[in-house]
Amino acid sequence: MKICVLGGDGYCGWATALYLSQRGHSVSIIDNFARRQWDYELGVQTLTPIRPLAERLRVWQQLTGNVIELYVGDVTDYDFLASAMQSFEPDSVVHFAEQRAAPYSMIDRKHAVFTQVNNVVGTLNLLFALRELQPDCHLVKLGTMGEYGTPNIDIEEGYIEIEHRGRRDVLPFPKQPGSFYHLSKVHDSHNMMFACKIWGLRATDLNQGVVYGTTTDEAAMDEALINRFDYDEVFGTVLNRFCVQAAIGHPLTVYGQGGQTRGFLDIRDTVRCVELACLNPAAPGECRVFNQFTEQFSVLEVAQLVQTAGHKLGLAVEIEHMPDPRVEKEQHYYNAKHSKLIDLGLKPRYLSDSLLDSLMNIALEYRERIDSSVLLPQVNWRSGANERKRQVALTEVAALAGGR
Ligand code: NAD
Ligand code: USQ
């Protein structure tokens, strides 16, 4: 298939582009390198030293003979996106190109607005470009399990059959997202459902859980292909963060009681799920939803697994409960369905001791690059006056005072 990966320089997108290319698909990447810019803005960097995208692609071509085409630009720029679609003419578009950190979207008004504009406008542009130029192309869009929140009932895959006052209907599952980022995904989902209904587009919304790991078979082929591994408080996801913390003897930062339960998956399953969705497209007019995760854990369970794995490696690993900077239930019921990708042939990889060992070994290998000052949470959901904002404000006050 011809598959265009939007956000192909990012964590999930890079692994996916290589996997699809290795599987014989003709692949292109669209990215504007915004993610690398956000690292500069926050003063953080990936644990692993990622190379510039042009170099990554050159090495990939040398190793495999496969060419991945590159379109550098912003998906919120409609003319750029439309010309890339026109030039590549994909059978499937896999859309990862969004601002994906909940804490980033909660820094302040500016970051909340940026996140929603970037994500919602990018997806809207894509829907319009598909209608105009490639109406039969299948959109595979990365959503999130966080769109559903943590209701006190089982979570279905996208839709729920409801009986209300004697009548029945199948309706979108209620959404109770927990950040302005997660809300942007809900807005995307609504726009996709509407576009499929009115224009007959075909789309799959992959409501993905928290991804862990960094290595895939393809990225392991050469150090120049290494994938990102974020561990800072804004972009680092919980299991990756805990492995880095364990490796340097930093207490594992469990927010609140740690009963927050989420769906998780290995990045090697992310890439397989995306290919399964591409190979089995939605029908024209259909907007289907797959819950993309393989196991669910509470945050405390994740911490305990990392602690046990750390002890086996001879590391002293402490767990520290700290006040939760987020507004979320710390203890709750959670049971989310996730059978549709398994029905399509996914054989899940479960979190294993060897995977935890390998993550901690990566952290130990790149230990010199770990900045322990970016581990503790600074972005607070409850107040606009979070630490980062105060720092910016103080800098501004100092500059003004200096000016006078
Ligand atoms: P990432 O930040 O590593 O990658 C996103 C990529 O998109 C970056 O390379 C960035 O430069 C690019 N991008 C962002 N805005 C763009 C724009 N306007 N134009 C062009 N390129 C743009 O994120 P990721 O972890 O790879 O996540 C990818 C997708 O998967 C996101 O949509 C995210 O919401 C979703 N997701 C991720 C996780 C996870 O745990 N990482 C879990 C569930 C869902
Ligand atoms: N958490 C801790 N300690 C930490 C970091 C996180 O207890 O040091 C907790 C959080 O409070 C939260 C849970 O761990 O309850 C998950 O947090 P996370 O930062 O790993 O993941 P989240 O913010 O939910 O976002 C990540 C991705 C996002 C994706 C989402 C999938 O960044 O792009 O959409 O996972 S899901 O969680 O299913 O919504």
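**Exercise 1.** Determine how the side chains of Asp-269 and Arg-349 meet, and where in the chain the two residues lie.

*Solution.* The side chains of Asp-269 and Arg-349 meet in a salt bridge, with 3.7 Å from N to O, where a salt bridge is a side-chain nitrogen of Lys or Arg within 4 Å of a carboxyl oxygen of Asp or Glu. This pair links distant parts of the chain, since Asp-269 belongs to helix H9 (residues 267-279) and Arg-349 to the loop between H11 and helix H12 (353-365), 80 residues apart; helices (H or I, at least four residues) and strands (E, at least two) are DSSP runs, numbered from the N terminus. Asp-269 is buried because its relative accessible area is 0%, whereas Arg-349 is partly exposed because its value is 30%; buried means under 20% relative accessible area, exposed over 50%, and partly exposed in between, with a 1.4 Å probe and protein chains only.

The model is predicted, so that local features need pLDDT of at least 70 and side-chain atom pairs count only at pLDDT 80 or more, while totals for chains, interfaces and linings use all residues. Residues are numbered from 1 along each chain as its sequence is written, chains are lettered from A and ligands numbered from 1 in the order in which they are written, and side-chain values use heavy atoms, with hydrogens and water left out.

**Exercise 2.** Describe the salt bridge of Arg-262 with Glu-328, and then the network that includes Arg-228.

*Solution.* In the salt bridge between Arg-262 and Glu-328, the closest N and O atoms are 3.0 Å apart. Arg-262 lies in strand S11 (residues 261-266) and Glu-328 in the loop between strand S14 (319-322) and helix H11 (340-343), so the pair links distant parts of the chain, 66 residues apart. Arg-262 counts as partly exposed because its relative accessibility is 26%, and Glu-328 counts as partly exposed at 24%.

Turning to the network, salt bridges link Arg-35, Asp-39, Arg-100, Arg-228 and Asp-230. Within it, Arg-228 pairs with Asp-230 at 2.9 Å between the closest N and O atoms, and both residues are buried. The total count of salt bridges is 22.

**Exercise 3.** Identify the residues through which H8 and H10 meet, and classify them.

*Solution.* Val-238, Leu-239, Phe-242, Cys-243 and Ala-246 in H8 meet Val-299, Val-302, Ala-303 and Val-306 in H10, contact meaning heavy atoms within 4.5 Å. The residues of this contact divide into nine nonpolar, no polar and no charged.

Methods. Nonpolar A, V, L, I, M, F, W, Y, C, P; charged D, E, K, R; others polar.
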